[in-house]
2 protein chains.
Amino acid sequence: MYPKNDTYVPLILKNMSSARILSVAQKEGGTQLKLVIEYSNGDKALMKPMRFTREQQTLPNHFYFTDYERHNAEIAAFHLDRILGFRRAMPVSGRLVNITSELMAQVTASDLLKTFFVSPDKNVCFHGQCSYYCDTSHAICGNPDMLEGSFAAYLPSQDVLERKTWRHPWRRSYHKRRKAKWETDPNYCELIRNLPPYNSGRRMLDIMDLSVFDFLMGNMDRHHYETFTLFGNDSFPIHLDHGRAFGKAFHDEMSILAPIIQCCHIRKSTLETLLRFHNVKKLSEHMRESMNDDQLSPVLWEPHLTAIDRRVGLVLQKVRECLSVSTMSGEDAADESHARPSTNATFDIDMGDLGKEPKYTARSREQT
Amino acid sequence: MYPKNDTYVPLILKNMSSARILSVAQKEGGTQLKLVIEYSNGDKALMKPMRFTREQQTLPNHFYFTDYERHNAEIAAFHLDRILGFRRAMPVSGRLVNITSELMAQVTASDLLKTFFVSPDKNVCFHGQCSYYCDTSHAICGNPDMLEGSFAAYLPSQDVLERKTWRHPWRRSYHKRRKAKWETDPNYCELIRNLPPYNSGRRMLDIMDLSVFDFLMGNMDRHHYETFTLFGNDSFPIHLDHGRAFGKAFHDEMSILAPIIQCCHIRKSTLETLLRFHNVKKLSEHMRESMNDDQLSPVLWEPHLTAIDRRVGLVLQKVRECLSVSTMSGEDAADESHARPSTNATFDIDMGDLGKEPKYTARSREQT
């Protein structure tokens, strides 16, 4: 999305978090409330407002598809994507806005305007209109009128740069009683890796990257992804919509790693990156430093940063399990077909100086 | 509703909390989920399921009309009504039920049955169908399938004993921006006390009782009340539907006392009862003892019991303020018309042995 040491990204972040807001409208579509923000310089951002404090976890009886969106997850996801070296997410900045003067005063549409009110606790609130959580009992409220939000830079218009939407092959069922095919079919990966666009080019490894990225932040809500049409199948999946990440700091949702586990496949550079976080400087430290510049710092509740480091170890452990199966003889591994290593990837293990924790390097024949 | 030392009430309470459940259906109408329970002996109860723990307060930005219902508020309200000597509420018992075997297994209607599911945390949940909070994201969940509920005895069928529904004169607006007439009109009480059924008989004092009762438990949701038609205007308002009481333990909502404050009117026996709780044995102690027999004891979070005692003092203070205005000369009190004592009631003050806290007795010409 942008080069490694891009100087434009910090400028975009700064502008989104400080430029004067010229107009505020509700984003059409989607289930939860989002606002389209236009700045005085013509830039646009997608704002997700804060609903709960940083400590609020996903409710234990809530599904991934009923979970509330978290503005700070959007911010943290941008930083994580950048630190992992993917750079496939648009810049997201935090900002504290005044609901009355910066939002309400810039709203022109009456259907949004009429949803603003003052709550019993004298806070300024609004709820907008959407299919989920857009009513008086689920209002967005300031304190008393200051509100945190995430501001994500807009992608170029589809008129200028067309995008294609793809169904994620490891998409969940989005149903409280049904399972997706990949949850029950041990040979699901074989199916996918033989289908275009996953049977050639970079796409399959991009899906593995997405799996690592989502696992690290506990995001179960990756139902679709988009690519830029211009580059055909050589383009990367855009990392978009992370409002439901960082919901459970004390639970590691292993099923998010299903693509990695079922395909035993991972991009060499990604594995190297993870190894570096494991062996050299922790991912949480990079995150803390990177997010320190955000206006809403600290962006993440500390247990989520602990979780990220723990999950780096878990990804590496899953890769190790793939390796140990791959080093078994064919007859021993006969009933382990679902964990069979990818024929496209091999791993070299190097116990090195890690003590109990093995250290990995990967050599892959796929393009990275 | 029942005599003072009725022996049948404890039996009803016991039956509702232990008898075998024969059928479970959803209660039609109303905004939040309620179940109609039929027992093996033919009795019926209205069940309100637990949503949150005892410590959960009304959300600061929630209005009285968006607040969740609390099963324990229903139980506590029955005990409070009985202890205050009103006995105008139907018996309500707590009960711990097994969602799977005692509820789901007794459901026959498919529209309710199909809302049962197992949550991500492996708890058994259901949400029913209603206008508020009846969806997957607001499900009622067990732990893992044990669920607390309030079970309120059913009133006799309207075929047998007809009831009339009245709009409460101090009803709130049920709108987040509108105020009710009584909130802005300083002479509102004059208007009401000259209208039937409030201009004669017991009804006006019953409304004052209701105000005390609701204030003690912080219930702002008294929009209507019902009476038994059989007794005409000599009948009492039935104390029904207290699911939104006991929501804020650290806030005393003085506006619930508006009828008392605006009319300077209170039933003598009620004032005597409050004085007894203030001077002799605290209301909270009576409540603790009475609720101790309930299966779900402790029914209330301790701060709510502290609040009840504090609010007894506040009611007495408001009566004292009425008195001090009434002892002013007519010209001094000219612009205090909204706090003018009722022409139907006089209060005798007796400083007694209370020290700083004056002790009251009331003498009223109204029937009690």
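# Working through a predicted two-chain model

Student: Which strands form the open sheet in chain B, and how is it paired?

Tutor: In this predicted model, chain B has an open sheet of three strands, ordered β5-β6-β7, and the pairing in it is antiparallel.

Student: Which are the edge strands there?

Tutor: The edges of that sheet are β5 (117-118) and β7 (140-141) of chain B, and each of these strands pairs on one side only. Strand β6 of chain B, residues 124-126, pairs with β7(B) in the antiparallel sense over two bridges.

Student: And which residue is the bridge partner of Phe126(B)?

Tutor: Phe126(B) has Ile140(B) as its bridge partner, and Ile140(B) belongs to β7(B).

Student: What about chain A, in what order do the three strands of its open sheet run?

Tutor: In chain A the order is β5-β6-β7, again three strands in an open sheet with antiparallel pairing. Since β5 (117-118) and β7 (140-141) of chain A stand at the edges with a single partner strand each, one side of each is left without a neighbour in the sheet. Strand β6 of chain A (residues 124-126) is joined to β7(A) by two bridges in the antiparallel sense, and Phe126(A) stands opposite Ile140(A) in β7(A).

Student: Switching to the interface: how many residues does each chain put into the contact?

Tutor: Chain B contributes 23 residues and chain A contributes 22 residues. The area buried between chain B and chain A is about 2,000 Å², and carbon and sulfur atoms give 54% of that area.

Student: Which residues does UniProt list as "binding site"?

Tutor: The unreviewed UniProt entry lists Glu69(A) and Asp241(A) under that name. They span 173 residues in sequence, yet no two of their C-alpha atoms are more than 9.5 Å apart, so they gather at one spot. Glu69(A) itself sits in the loop between β3 (44-49) and α2 (71-83) of chain A.

Student: Backbone geometry next. Is the peptide bond from Ser297(B) to Pro298(B) cis or trans?

Tutor: The bond from Ser297(B) to Pro298(B) is cis, with omega near 0°, and Pro298(B) is found in the loop between α10 (283-291) and α11 (302-327) of chain B. In chain A, a cis peptide bond joins Ser297(A) and Pro298(A), with omega at about -5°, and Pro298(A) is found in the loop between α10 (283-291) and α11 of chain A.

Student: And what is phi of Arg87(B)?

Tutor: Phi of Arg87(B) is near 55°, which is a positive value in a residue other than glycine. Arg87(B) lies in the loop between α2 (71-83) and β4 (92-98) of chain B.

Terms used:
Residues are numbered from 1 along each chain as its sequence is written. Chains are lettered from A and ligands numbered from 1 in the order in which they are written. This is a predicted model: local features need pLDDT of at least 70, side-chain atom pairs count only at pLDDT 80 or more; totals for chains, interfaces and linings use all residues. Side-chain values use heavy atoms; hydrogens and water are left out. Contact means heavy atoms within 4.5 Å. Buried area is the accessible area (1.4 Å probe) that two parts lose on being put together, summed over both. Two strands pair if DSSP finds at least two bridges between them. Helices (H or I, at least four residues) and strands (E, at least two) are DSSP runs, numbered from the N terminus. UniProt positions are given in the numbering used here, feature names are shortened, and annotations may be inferred rather than shown by experiment.
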